[in-house]
Amino acid sequence: MLSDRMLEVLNKQIKLEGDSSQIYLSMAVWSENKGMEGVAQFMYGHADEERQHMLKLIRFVNERGGKAIVPDIAMPANEFDSLKKMFEILLSHEVFVSKSINDIVHVSLEERDYASNNFLQWYVSEQIEEEALARTVLDKINLIGDDKGGLYLFDNDIKSIVANISPEQQ
Ligand code: OFO
């Protein structure tokens, strides 16, 4: 059985994962409108991944006898100054999500809820990958700078990142 405190922080995280999905979806739309098909594909795929993160938490809360709260849909930013700016926002969002997961892990220890602690380890590892991926992509964008040819290749290359994301990671 989940404690009230544990239930509260898990439900907050459910909302955060739902918001993440919306953020990526908005970035997918922006990229598609700018003709960056590869980036759009990456973002659409990631929006689905975030929804899976939300669902995994929902199922866990219910399995532990709590009541998962399905969050409202908040409208994310839908205009970005540049591709670089968009990926900077993405990275800082993932850093924020990692911090939130760490805080929940901390609560699970304080509550002596080792089942939740064990479950949350998956999110801890996932966040390491999410942050690393965002950093890698941003590094590539910084390397490209204003080179249009480089941007074209980048848009193509990012499709292979989508293809390499294994189903277990989603
Ligand atoms: Fe759910 O990991 Fe990104 O936000």
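Trainee: How exposed is Val29?
Mentor: In this predicted model, Val29 has a relative accessible area of 39%, so the residue is partly exposed. Val29 sits in helix H1, which spans residues 4-33.

Trainee: Changing topic, how many salt bridges does the structure hold?
Mentor: There are 10 salt bridges. One of them pairs Glu111 with Arg5, with the closest N and O atoms 3.1 Å apart. Glu111 lies in the loop between helix H3 (83-110) and helix H4 (114-144), whereas Arg5 lies in helix H1, so this pair ties together parts that are 106 residues apart in sequence.

Trainee: Which residues are linked with Arg5 in a network of salt bridges?
Mentor: The network links Arg5 with Glu110 and Glu111.

Trainee: And Asp113, which residue does it form a salt bridge with?
Mentor: Asp113 pairs with Arg64, the closest N and O atoms being 3.3 Å apart. Asp113 is in the loop between H3 and H4 and Arg64 in the loop between H2 and H3, 49 residues apart.

Trainee: Is Asp113 buried or exposed?
Mentor: Asp113 is buried, at 9% relative accessible area. Arg64 also counts as buried, because its relative accessibility is 17% and the cut-off for buried is under 20%.

Trainee: Last one: what does the side chain of His53 contact?
Mentor: The His53 side chain makes a polar contact with the side chain of Glu126 at 3.2 Å. His53 belongs to helix H2 (residues 37-63) and counts as buried, at 1% relative accessibility.

Methods. Residues numbered from 1 in each chain as written. Predicted model: local features only at pLDDT ≥ 70, side-chain atom pairs only at ≥ 80, totals over all residues. Heavy atoms only, no water. Helix = DSSP H or I, 4+ residues; strand = E, 2+ residues; numbered from the N terminus. Buried < 20%, exposed > 50% of the residue type's maximum accessible area, 1.4 Å probe, protein only. Polar contact = N/O pair within 3.5 Å; in protein donor to acceptor, adjacent residues only side chain to side chain. Salt bridge = Lys/Arg side-chain N within 4 Å of Asp/Glu carboxyl O.
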